[in-house]
Amino acid sequence: MPDNRSFASDNNAPVHEAVFQAMLDANQGDVIAYGDDPFTAEAEQKFKEHFGHDVRVFFVFNGTGANVSALSHLTHPWQAIITAETAHIENDECGAPEKFTGCKLHILPAPDGKIRVEQIKPLLHSVGFQHHAQPRVISITQATEMGTVYTPQEISDIARFAHQNNMLLHMDGARIANAAASLNVSLKEMVTDTGVDVLSFGGTKNGILLGEAVVFLKKELAKDFEYVRKQSMQLASKMRYISAQFNALFTDGLWLKNARHANRMAQLLAEKVKEIPRVQITQEVQINGVFAIVPRETIDKLRQKYFFYMWNETRSEVRWMTSFVTTEKDIEDFVEALKEAI
Ligand SMILES: Cc1ncc(COP(=O)(O)O)c(C=O)c1O
């Protein structure tokens, strides 16, 4: 096993030891399966503390499952989902959103990963026209796939527009903790109070082993979702082990500590990289990712030592991700290797 960090993805990071410990602690005796257990009740309570007492929470296996089951619950196959060209649901879910919802995805240009109300407005021309898929859900990612964040104001602008036009707002929160840490706002301020309808709450990039939560911010929207979850193959019989992980994440603010640390490491990396000639940072560094244009031959050399992804082959742009386990020494070593490769 190489002992250096990969900088490829926060998915590559290990599981936080408190999370493993919580799973071990939950590993005592029998409890009722499929979520009717004390660990799940505790986790649901913790979500309510963070998002408000009216929310309904459903644990699922992974992020794709959360997005796809939530979106299929909210739509009919003749409707459309509006999202960014950079969205995970568009690029990294193997067409599962289209397959399981049957909906058309309307993809909007998003150089910084964000979409704006002005871009969505023209799509309303199809409303009420039987030849066109009917816009029903706007799906945004917070933080975005480009390492940027929507401000609460930007989110509430989109939510208001959605609701005025008979649409709903879904948020893919695979990196929701990093976004909250970056904005220095509570989850409630960022999600519930801005008018988001349904959230896919991610934890695997922030220290858990597996599991995600579909959070309905308006409880009436959750009606019958338990059947959709089961039919989407996202109902865990041993649910206590998923719930226990979220309990660990929400104990002593671990979720926020991990996210703040990962974000800070990306800031440090960006500061150091900025001083290196021929490397150009392409996105504002707001969470735990740094996007940069780097000479092609440098990338090849550096990748002999560190694994990371080419983001855009044509632009010779890479993505470097940090995580809750990245250390300052990891950054220093990586920057040294980068300088050498240049
Ligand atoms: C923005 C975003 N959404 C969702 C996911 C969830 O993916 P998975 O199905 O691998 O848990 C990811 C993981 O990379 C992601 O980056």
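This tour moves through the structure stop by stop, naming what to select and what is found there.

**Before starting**

The model is a predicted one, in which local features need pLDDT of at least 70 and side-chain atom pairs count only at pLDDT 80 or more, whereas totals for chains, interfaces and linings use all residues. Residues are numbered from 1 along each chain as its sequence is written. Helices (H or I, at least four residues) and strands (E, at least two) are DSSP runs, numbered from the N terminus.

**Stop 1**

Seven of them form an open sheet with the order 1-7-6-5-4-2-3 and mixed pairing; two strands pair if DSSP finds at least two bridges between them. Strand 1 and strand 3 (104-108) are at the edges, and each has a single partner strand, so one side of each lacks a neighbour in the sheet. On average, neighbouring strands of this sheet are turned by 20° against each other, direction ignored. Such angles run from 0 to 180 degrees between N-to-C directions, and axes are lines fitted to C-alpha atoms, for helices over the stretch in contact.

Next, select strand 2 (residues 79-84) together with strand 3: the two pair in the parallel sense over five bridges. Ala80 has Lys104 in strand 3 as its bridge partner.

Contact here requires the C-beta atoms of two residues, placed from the backbone, to lie within 7 Å.

**Stop 2**

Select strand 1 (56-60). Is this strand mostly covered or uncovered? It is mostly covered, with five of its five residues buried. A residue is buried if 20 or more other C-beta atoms lie within 10 Å of its own, exposed if 12 or fewer, and partly exposed in between, with C-beta atoms placed from the backbone. Both faces are covered: Arg56, Phe58 and Val60 are buried on one side, and Val57 and Phe59 on the other. Strand 1 runs antiparallel to strand 7 and is joined to it by five bridges. Within this pair, Val60 stands opposite Glu212 in strand 7.

**Stop 1: helix 11 and its partners**

Select helix 11 (residues 239-249). This helix is mostly covered, as 10 of its 11 residues are buried; among them are Met239, Ile242, Phe246 and Leu249. Its buried residues pack against helix 1, helix 2, strand 1, strand 7 and helix 12 (254-274).

Helix 2 passes helix 11 in a left-handed crossing, a term for the near helix being turned anticlockwise from the far one by less than a right angle, with right-handed used if clockwise. To see the contact, select Phe39, Thr40, Glu42, Ala43 and Lys46 in helix 2, which meet Met239, Arg240, Ser243, Ala244, Phe246 and Asn247 in helix 11. By class, this contact has five nonpolar, three polar and three charged residues. Ala, Val, Leu, Ile, Met, Phe, Trp, Tyr, Cys and Pro count as nonpolar, Asp, Glu, Lys and Arg as charged, and the others, Gly among them, as polar.

**Stop 2: the ligand**

Which residues surround the ligand? They are Asn11, Asn62, Gly63, Thr64, His88, Thr141, Glu145, Asp172, Ala174 and Thr204, where a residue is near a molecule or strand if its C-beta atom, placed from the backbone, lies within 6 Å of it. This shell divides into one nonpolar, seven polar and two charged residues.

**Stop 5**

Select Gln142 and Ala143: the peptide bond from the former to the latter is cis, with omega near -10°. Ala143 is in the loop between strand 4 (134-141) and helix 7 (152-164).

Tyr34 has a positive phi of about 60° although it is not a glycine, and it is found in the loop between helix 1 (17-25) and helix 2. Tyr34 counts as partly exposed because it has 14 C-beta neighbours inside 10 Å.

Asp224 also has a positive phi, of about 70°, without being a glycine. Its loop lies between strand 7 (212-216) and helix 10 (225-231). Asp224 is exposed, with 9 other C-beta atoms within 10 Å.

**Stop 3: strand 9 and its neighbours**

Finally, select strand 9 (residues 289-293), where four of the five residues are buried. Two bridges join it to strand 8 (residues 280-281) in antiparallel fashion, with Ile281 opposite Ala292. Strand 11 (residues 317-321) also runs antiparallel to strand 9, joined by five bridges, and Val290 stands opposite Trp320 there.
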